[in-house]
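I am opening my notebook to look up a few features in the structure below and to write down what I find, entry by entry.

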Amino acid sequence: MTPKKEDYLKIIFELGGKQRKVSNKQIAEGLSVAAGSVTEMVAKLVTEGLVEHTPYAGISLTAAGIEIAENLIRRHRLWETFLVSKLNYKLQDVHDDAEVLEHATSENLVMHLDQFLEHPKRCPHGGMIPRADSQYVEESYDLLVDAQDGETKTVDRFVDNHELLTYLDEIDLDIDDELKIKEHVPFQGPVKVELVRTGEELNISYNAAHYIFVK
C-alpha cells in the first residue's frame with residue numbers, strides 16, 4: 001500500500017465514505033489534486049477491493065477499505081494531537097509531519113502514544129480517534145453549506161487540509177464555535193454566519209463550507 005493510496009482512503013473516510021457516497025470533486029479538493037488523478041486512483045482502489053464506485057452517485061469504502069482507513073486515521077490523529085498539544089504546532093502546519101510519523105509507527109508505539117496522551121477521543125481539528133478495538137463515536141457528516149438559514153449550528157470538525165485550516169485560522173473559526181446561519185449568497189457565494197462568541201459576522205467561502213462539519 002503506497003502512501004498516496006493511503007491518503008485517498010483517509011480523505012474518503014473523512015468525507016463520510018464509510019456511510020455514504022462522496023464525489024470525485026470532494027476528494028480532489030480535499031487532497032488538492034486534479035480531478036483526473038482522482039479518477040485514476042479510484043479505479044485502482046476499486047480493483048483492489050478497497051472502495052466502491054457507483055457512476056453518477058459517488059465513491060464509498062468497502063469493509064476492507066474501512067479497516068485500513070481506521071488504522072491510518074488512528075495513527076495520524078494521535079500524532080496530530082501530540083504535535084499540537086505537546087510541541088505547540090499550529091493546527092494548519094501539523095499534517096505533513098504527522099503523515100511522516102504515522103508511516104514509521106509500530107503498533108507498540110501507537111499504544112504507548114495513546115496512553116501518554118491519556119486516550120484522546122478527538123484530534124485538534126475535531127475528528128474522532130478510533131480506539132485500538134476500532135470503537136468510536138461516529139463523526140458528524142452534516143456540512144455547513146447544507147445548514148438552513150435561521151438555524152444555529154455548532155462546528156464539529158474540519159477536513160484535514162492545509163489551505164482550509166490556514167483559511168479558518170485567518171477568520172478565527174474554531175471547533176465548538178456556535179454559528180447562526182444568516183444567508184447563503186446565491187451563485188456559489190459565501191455562507192454568511194454570526195459567530196456567537198464574538199457577535200461578529202463572517203462570510204465563509206462556498207468551498208470552505210463544504211469541508212466544515214456541523215451538528
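**Aromatic rings**

I began with Phe13 and found it to be buried, with a relative accessible area of 0%. I kept in mind that the model is a predicted one.

Next I looked up how many aromatic pairs the structure holds, and the number is three. In one of them, the rings of Phe13 and Tyr136 have their centres 6.4 Å apart and their planes at 65°. Since planes over 60 degrees apart count as edge-to-face, I wrote this pair down as edge-to-face. I then checked where the two partners sit: Phe13 is in helix α1, while Tyr136 is in the loop between α6 (107-116) and β3 (142-143), so the pair ties together parts that lie 123 residues apart in sequence. Is Tyr136 buried or exposed? I noted a relative accessibility of 17% for Tyr136, and because buried means under 20%, Tyr136 counts as buried.

I turned to Phe82 and Phe116, whose rings have their centres 6.2 Å apart and their planes at 55°, so I recorded this pair as tilted.

I looked up the largest pocket and found a volume of about 460 Å³. It is lined by 23 residues, and the closest to its centre are Asp7, Gly30, Leu31, Ser32 and Val33. Which helix gives the largest share of this lining? I found that α1 does, with six residues. The helices α1 (3-14), α2 (24-31), α3 (35-47), α4 (63-87) and α5 (95-103) each supply at least two residues of the lining. When I sorted the lining of the largest pocket by class, I had six nonpolar, eight polar and nine charged residues.

I then went on to the second largest pocket, which holds about 370 Å³ of space. Of the 19 residues that line the second largest pocket, I listed Lys121, Met128, Ile129, Tyr136 and Val137 as lying nearest its centre. Tyr136 was already in my notes as the ring partner of Phe13. By class, I divided the lining of the second largest pocket into six nonpolar, three polar and ten charged residues.

Key: Residues are numbered from 1 along each chain as its sequence is written. This is a predicted model: local features need pLDDT of at least 70, side-chain atom pairs count only at pLDDT 80 or more; totals for chains, interfaces and linings use all residues. Side-chain values use heavy atoms; hydrogens and water are left out. On a 1 Å grid over the protein atoms alone, a cavity is a set of points where a 1.4 Å probe fits but cannot get out, and a pocket is an open set with protein on both sides within 12 Å along at least five of seven lines; lining residues have an atom within 4 Å of a point. Grid points are joined across faces, edges and corners, and a volume is the space filled by probe spheres set on the points. Helices (H or I, at least four residues) and strands (E, at least two) are DSSP runs, numbered from the N terminus. Ala, Val, Leu, Ile, Met, Phe, Trp, Tyr, Cys and Pro count as nonpolar, Asp, Glu, Lys and Arg as charged, and the others, Gly among them, as polar. Rings of Phe, Tyr and Trp (its six-membered ring) pair if their centres lie within 6.5 Å; planes under 30 degrees apart count as stacked, over 60 as edge-to-face and the rest as tilted. Buried means under 20% relative accessible area, exposed over 50%, partly exposed in between (1.4 Å probe, protein chains only).
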